[in-house]
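Please read them with the structure open.

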Amino acid sequence: MEMKKRISLELRNRTPAEVAELVVDNCRSSDGEIEGLTDEFKELEFLSMVNVGLTSLAKLPSLPKLRKLELSDNNISGALETLAEKCANLTYLNLSGNKIKELSTLEALQNLKNLKSLDLFNCEITTLEDYRESIFELLPQVTYLDGFDAEDNEAPDSEADDDGESHEFGHTLIADYAHPSMDTEIVCKYTSLSHYFLYHYADDDDEDGEEGAGHLGEYEEEEEEDEEGSEGGEVGLSYLMKEDIQDEEDDDDYVEEEEEEGEEEAEVRGEKRKRAAEDEGEDDDEDDD
């Protein structure tokens with residue numbers, strides 16, 4: 001999906017000035033440039049453009065309230081001066097997975113006086129000798145680099161997610177799309193909620209060409225299968241119970257048959273003893289004669 005169209009969809013009947021968080025991960029930018037994002041998004045505080053094919057930030061509009069910017073998994077290699085010019089109040093910047101190789105490329109970030117957290121995972125610059133020490137020296141305002149401070153203390157969750165506050169967009173996304181079994185608070189801890197969502201729960205186009213269906217349909221199928229399995233389990237249990245009852249009845253019939261056979265045998269033995277006694281009586285009469 002093109003970035004411009006995606007941004008239009010994410011407005012959700014709101015004006016750009018009403019949007020505080022915007023996630024357009026995994027869409028496609030034309031010629032590696034930002035498109036569809038304008039100065040009208042003046043209240044924007046969180047912006048995520050993960051894996052959209054960006055090579056340049058030249059068309060980034062003025063976003064004076066922007067505090068968190070996700071730009072991971074793009075092809076940005078430099079020209080970061082735009083960030084200080086257009087987003088002067090940034091406190092968190094994620095440039096992981098881009099083509100940043102030299103320390104000099106990051107010099108432009110010195111003008112981001114409020115920058116506290118910077119992520120450069122999977123950038124070539126991380127292979128440089130004394131990489132961490134060099135970054136902290138170059139950017140003294142940065143407290144956390146790749147999630148850890150200069151003393152290797154891990155950044156608290158509050159640093160990673162707006163002082164512990166979940167994003168409004170994230171709650172909207174989960175309420176609209178998430179499977180009921182999902183834990184909302186756990187999902188909200190992902191820094192890039194849309195990134196999580198698109199990879200796990202919704203593809204842009206499903207087999208029927210219906211946008212946004214993706215794995216949600218699979219959840220419904222799984223739920224139906226579970227219900228069918230549950231019903232099958234109940235039937236199986238009923239069947240087994242019936243079999244057990246039938247076995248008990250058969251056992252009772254067998255016991256009754258044994259009792260009847262025992263009674264018949266006792267009667268036969270009684271008849272034999274009676275006939276034997278009569279025969280003995282006849283023999284005694286004959287002897288007397």
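1. How many disulfides does the count come to, if a disulfide is taken as a pair of cysteine sulfur atoms within 2.5 Å? By this rule the count is zero. A disulfide is, in general, a covalent bond between the sulfur atoms of two cysteines. Cys-27 is buried, with a relative accessible area of 0%, and Cys-87 is likewise buried at 0%; here buried means under 20% relative accessible area, exposed over 50%, and partly exposed in between, with a 1.4 Å probe and protein chains only.

2. A word on the basis of these notes: this is a predicted model, in which local features need pLDDT of at least 70 and side-chain atom pairs count only at pLDDT 80 or more, while totals for chains, interfaces and linings use all residues. Residues are numbered from 1 along each chain as its sequence is written, and side-chain values use heavy atoms, with hydrogens and water left out.

3. Beyond its neighbours within four places in sequence, Leu-47 is in contact (heavy atoms within 4.5 Å) with residues including Leu-22, Leu-37, Leu-60 and Lys-68.

4. Which residues of H3 are buried? They are Tyr-131, Ile-135, Phe-136 and Leu-138, and because they cover an arc of only 165 degrees around the axis (taken from the directions from the helix axis to the C-beta atoms), they lie on the same side of H3. These buried residues pack against strand S5 (117-119) and strand S6 (144-145), whereas the face turned away from the buried side carries the exposed residues Glu-133 and Glu-137.

5. Two backbone angles deserve a look. Most residues other than glycine have a negative phi. Asn-26, however, has a positive phi of about 70 degrees; this residue lies in the loop between strand S1 (21-23) and strand S2 (46-48) and is buried, at 17% relative accessible area. Asp-130, in the loop between S5 and H3, also has a positive phi, near 55 degrees, but counts as partly exposed at 46% relative accessibility.

6. Ser-29 is placed in the loop between S1 and S2 and counts as buried at 14% relative accessibility. A polar atom of the Ser-29 side chain lies 3.0 Å from the backbone oxygen of Val-52, and residues touched by Ser-29, not counting those up to four places away in sequence, include Met-3, Glu-35 and Gly-53.

7. The structure holds five salt bridges (a side-chain nitrogen of Lys or Arg within 4 Å of a carboxyl oxygen of Asp or Glu). Arg-6, Glu-10 and Arg-12 are linked in a network of them: the closest N and O atoms of Arg-6 and Glu-10 are 2.9 Å apart, and Arg-12 meets Glu-10 at 4.0 Å, N to O. Arg-6 and Glu-10 both lie in H1, four residues apart, and are buried, at 7% and 9% respectively, whereas Arg-12 is partly exposed at 26%.

Terms used: Helix = DSSP H or I, 4+ residues; strand = E, 2+ residues; numbered from the N terminus. Polar contact = N/O pair within 3.5 Å; in protein donor to acceptor, adjacent residues only side chain to side chain. Disulfide = S-S within 2.5 Å.
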